[in-house]
Amino acid sequence: MNWKDALPKIITQPDTRLRFGEPLAKHTYFKIGGETTAYIEVSTIDELAALARFHRNWEVPVAVIGRGSNLLVSDKGFNGISVRLIGELAELQVDGEIVTVGAGHPLPGLSKVMSKQGLSGVEFALGIPGAVGGALIMNAGAWGSSFGDVVTNVTVMRDTGELVKLTHEEANFEYRHSRLDSYFCVIGATLRLQHGDADTITARMQDFFKQKTETQPFAEENAGCIFKNPPGDSAGRLIDVSGLKGHRIGGAEVSTVHGNFILNMDNATAADVLDLVAYIQNQVHEKTGILLQTEVKRLGFDE
């Protein structure tokens with residue numbers, strides 16, 4: 001028996017969906033990438049623990065892809081299991097200022113619910129299309145705020161299926177980084193928000209979102225910001241002053257609205273995107289002396 005024959009045997013929940021040969025372009029905002037050997041939507045902690053042990057026993061790669069908002073998948077796909085968390089792994093509970101949220105919960109939904117309840121701290125998240133798990137791992141942020149700012153602890157899973165609760169300090173949040181990706185999976189987090197006036201919080205959230213839609217591309221397929229901002233500067237500004245807005249390789253193009261976005265304008269391949277990334281890095285380095293570092297996650301390139 002190979003692992004593909006064994007995988008269906010760990011499924012115990014009716015909500016769990018398993019498909020083989022699933023195109024990952026369907027599950028990423030970039031709409032780029034080949035097939036994953038298996039795609040599974042996991043709805044319970046017990047089933048996720050079974051998948052963790054399966055990953056360890058069969059030595060098969062597993063990637064939690066979330067909502068695919070900050071992900072570039074290889075044209076050849078991913079030789080492993082791609083996971084999305086749903087059900088109890090995407091739940092949201094509020095107790096006063098303390099919020100418990102599952103890794104599969106969408107960030108925009110979290111922002112909206114909190115604003116309605118008069119809780120402040122995640123207004124910036126309305127315009128970030130990812131899930132909580134990715135926001136924790138990447139310490140996602142905007143407008144001077146980062147997700148890690150409001151986190152008190154994070155629950156993660158080892159590849160044994162064991163759950164571990166980490167403190168804010170143990171998560172080691174840094175700019176667009178944490179140590180959470182060293183675990184099999186992030187399960188969720190506890191947040192401490194601040195009570196405030198619901199109308200004021202909602203207005204601030206909507207103002208952030210309005211600024212985002214006016215300054216960043218929304219209609220075209222993309223994976224959000226491609227590069228991290230270097231200390232004291234903006235990747236978008238550096239790309240702009242380097243004259244790269246609108247530059248195109250294959251079907252991939254630098255946004256004319258915001259230089260830190262690469263758009264899938266015409267059936268772009270992952271190779272097109274990476275060629276454009278390399279070109280931008282070389283040009284910006286030549287003109288400014290700064291080497292931009294990528295922020296977008298990659299899947300299927302190291303096999």
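Predicted model: local features only at pLDDT ≥ 70, side-chain atom pairs only at ≥ 80, totals over all residues.
I started by searching the whole structure for salt bridges, and the count came to 11.

Side chains of opposite charge can pair when their charged atoms come close.

**Some pairs I looked up**

I checked aspartate 233 and found it in a salt bridge with arginine 237, with the closest N and O atoms 2.8 Å apart. Aspartate 233 has 23% relative accessibility, so it counts as partly exposed. Arginine 237 also goes down as partly exposed, because its relative accessibility is 41%.

Then I went to lysine 245, whose side chain meets that of aspartate 240 in a salt bridge at 3.7 Å, N to O. I have lysine 245 as partly exposed at 31%, and aspartate 240 as partly exposed at 38%.

My next stop was arginine 248, which forms a salt bridge with glutamate 253; the closest N and O atoms there are 3.6 Å apart. Is glutamate 253 buried or exposed? I got a relative accessible area of 14%, so glutamate 253 is buried. Arginine 248 is partly exposed, at 38%.

I also came across a network: Arg19, Glu22 and Lys26 are joined by salt bridges that share partners.

**A charged residue without a partner**

I looked up lysine 212, which sits in helix α6, residues 198–215. How far away is the nearest side chain of opposite charge? That side chain belongs to glutamate 295, and I read 8.9 Å. Lysine 212 is buried and has no salt bridge.

So what does lysine 212 touch, leaving aside its neighbours within four places in sequence? I listed Gly127, Ile128, Trp143 and Phe218 as its contacts.

Key: Residues numbered from 1 in each chain as written. Heavy atoms only, no water. Helix = DSSP H or I, 4+ residues; strand = E, 2+ residues; numbered from the N terminus. Buried < 20%, exposed > 50% of the residue type's maximum accessible area, 1.4 Å probe, protein only. Lys, Arg positive; Asp, Glu negative; His and termini not counted. Salt bridge = Lys/Arg side-chain N within 4 Å of Asp/Glu carboxyl O. Contact = heavy atoms within 4.5 Å.
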